[in-house]
Amino acid sequence: CIVEDLLIDNEGKLWIATWSEGLLLLHPESGIFRSISLPGEGVNAPYRVKSLFQDELGFFWIGTWEDGLYMARFEGDSLRNERSYFYEDADPLTISGNIIYSIHQDNRYNIWIGTPYGLSIIHGPYSSKPHITRVKYAFGKENGLSNNEVWKIYRVRSGLMWLGTLE
């Protein structure tokens with residue numbers, strides 16, 4: 001299987017995002033890998049999982065290839081979906097795309113999402129009505145993205161957010 005991303009969670013468990021096998025979990029004590037079903041996984045199962053992130057409150061953010069973004073809690077042996085985010089062409093208040101390359105959190109608890117179609121920032125992700133801002137490349141604009149394909153997002157200790165784009 002092709003490994004897309006790795007995450008060591010707050011409890012020291014290793015989560016593995018894969019292209020063909022979905023989401024795998026390695027229990028450190030037993031050394032056994034288990035397949036973890038994603039919330040809402042059905043016809044497209046297993047999802048092609050592209051990116052993983054655990055936020056400061058312990059929620060797991062799971063980015064897929066063409067199946068959107070999931071915010072979930074790990075309880076017992078399964079993930080419980082708290083919220084799902086999908087791109088909708090007619091709705092500018094949705095995420096930039098359903099292919100999720102990268103996920104990170106800023107020091108204000110906002111979630112940053114890198115897609116092939118730009119950056120999405122989820123403001124107030126724990127509120128009952130989170131707000132989504134889309135940031136796209138604009139030719140000649142001094143401030144903004146150098147390219148819509150946002151491959152990596154990283155926050156440094158000072159709180160500055162770094163973006164890795166295609167160009």
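**Exercise 1.** In this predicted model, what percentage of the contacts with a separation of 6 or more is accounted for by residues 24 or more positions apart?

*Solution.* Consider the contacts in the protein with a separation of 6 or more; residues 24 or more positions apart account for 40% of them.

**Exercise 2.** Describe the secondary structure and the overall dimensions of the protein.

*Solution.* Begin with the elements: the protein has 14 strands and 0 helices. The radius of gyration is 16 Å, close to the 15 Å that the globule rule gives for 167 residues, so the protein is as compact as a globular protein of that length. Next, take the extent of the C-alpha trace, which spans about 55 × 40 × 35 Å along its principal axes.

**Exercise 3.** Identify the nonpolar cores and the strands that contribute to the largest.

*Solution.* First, find the largest nonpolar core, which holds 16 residues. Within this core, Trp15, Leu23, Leu52, Ile62 and Leu79 touch the most other members. Second, assign the core to elements: two or more residues come from each of strand 2 (14-18), strand 3 (23-26), strand 5 (49-54), strand 6 (60-64) and strand 7 (69-75). Strand 7 gives the most, namely 3 residues. Third, look beyond this core: another core, of 13 residues, lies apart from it and includes Phe59, Ile95, Ile100 and Ile111.

Technical notes
Residues numbered from 1 in each chain as written. Predicted model: local features only at pLDDT ≥ 70, side-chain atom pairs only at ≥ 80, totals over all residues. Heavy atoms only, no water. Helix = DSSP H or I, 4+ residues; strand = E, 2+ residues; numbered from the N terminus. Rg over C-alpha atoms; globule rule 2.2 N^0.38 Å. Contact = heavy atoms within 4.5 Å. Core = buried A, V, L, I, M, F, W, Y, C linked by side-chain atoms within 4.5 Å. Buried < 20%, exposed > 50% of the residue type's maximum accessible area, 1.4 Å probe, protein only.
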